[in-house]
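Reader: Please show me the model. I would like to go through its aromatic rings and one of its helices.

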Amino acid sequence: MADSATGKTARPATTWRSYGTARRSTRALRLRTSAAVLAVALLAVLLVPPLVQLDQQAVDLAAKLRAPSRHHPFGTDDVGRDLLLRCVYGLRVSLLVGVTAALTATVVGTAVGAVAGALGGWADRALMRVVDAFSSVPHLLLGIFIVAMFRPGVWPVVVSVGLTHWLSTARIVRAEVLSLRSRPYIDAAVTGGASRWRVTVRHLLPGVLPQAALAAVLMVPHAMWHESALSFLGLGLPTHTASLGTLIQDARGSLLAGQWWPTLFPGLFVIVPTLAVAGLAGAWRERINPRRRSELML
């Protein structure tokens, strides 16, 4: 289109291109940062306990509640224990609980969702009513009820979190199975004489595994938060076990006295890995959902 005053041809606007480039570069930076944070956390959890020959339970009353310094980068707690070492051990325990509970919840949710979607009819309605009944009870309240029946320990917390967090996975898997059932290759398999069990195992379950795996990854930080909440309330892990929840619980008195570091650093060890997992999961979601990824590229 020519400009009447200058006679020059107007150039088309390219604002959306620069905006899309900025979005892609931001996502790439977020992905690299998230991967680096998780790599550092995993290396610390795996390498620090066997390489650092220090007892994280060693008490030094002469060094209690020291502020962060060169010798103690995260400071010390109310009995003189090094907080950096305690946070690494706490992250180790919380990750163990989170990963195990997330896998348990994913297996249960995938099984329930796949059975409901594959069978349909009354079985689907009955299983979904069970899911609705569990969803009507707050997760934390149900988790407290489960762990209260056992002695404090790792496995009661794993069972509690695993049995209260499979509901969203069941709904996701059921919706994906119902979507896959309308595909032409499923109709071809049924027409060819394949049994319902064979169609479910060979065609439906492989189709829902990416969504189930993504749900499991997102559930790990969620399970860590619930473990921290239960331990903070004194219903999760024993007080002598270093987890992020027990560290925050032990630091309540120090926070009221003005010492901020015993609460801040365990809290950051919960928040930062959560944000890193969310960043990686967002990239994964865009990869398995091409339509959403193409819309974000604009």
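**Rings and a helix**

Author: Ring pairs link Phe-74, Trp-260, Trp-261, Phe-265 and Phe-269 into a cluster. The model is predicted: local features need pLDDT of at least 70, side-chain atom pairs count only at pLDDT 80 or more, and totals for chains, interfaces and linings use all residues. Residues are numbered from 1 along each chain as its sequence is written, and side-chain values use heavy atoms, with hydrogens and water left out.

Reader: How many aromatic pairs does a search of the whole structure find?

Author: Rings of Phe, Tyr and Trp (its six-membered ring) pair if their centres lie within 6.5 Å. By that rule, the whole structure holds 5 aromatic pairs.

Reader: Is Trp-261 buried or exposed?

Author: Buried means under 20% relative accessible area, exposed over 50%, partly exposed in between (1.4 Å probe, protein chains only). Trp-260, at 43%, is partly exposed. Trp-261 has 8% relative accessibility, so Trp-261 counts as buried.

Reader: Which residues of helix 5 are buried?

Author: Helices (H or I, at least four residues) are DSSP runs, numbered from the N terminus. Helix 5 spans residues 154-164. Its buried residues are Pro-156, Val-157, Val-158, Ser-160, Val-161, Gly-162 and Thr-164.

How values were computed: Helices (H or I, at least four residues) and strands (E, at least two) are DSSP runs, numbered from the N terminus. Rings of Phe, Tyr and Trp (its six-membered ring) pair if their centres lie within 6.5 Å; planes under 30 degrees apart count as stacked, over 60 as edge-to-face and the rest as tilted.
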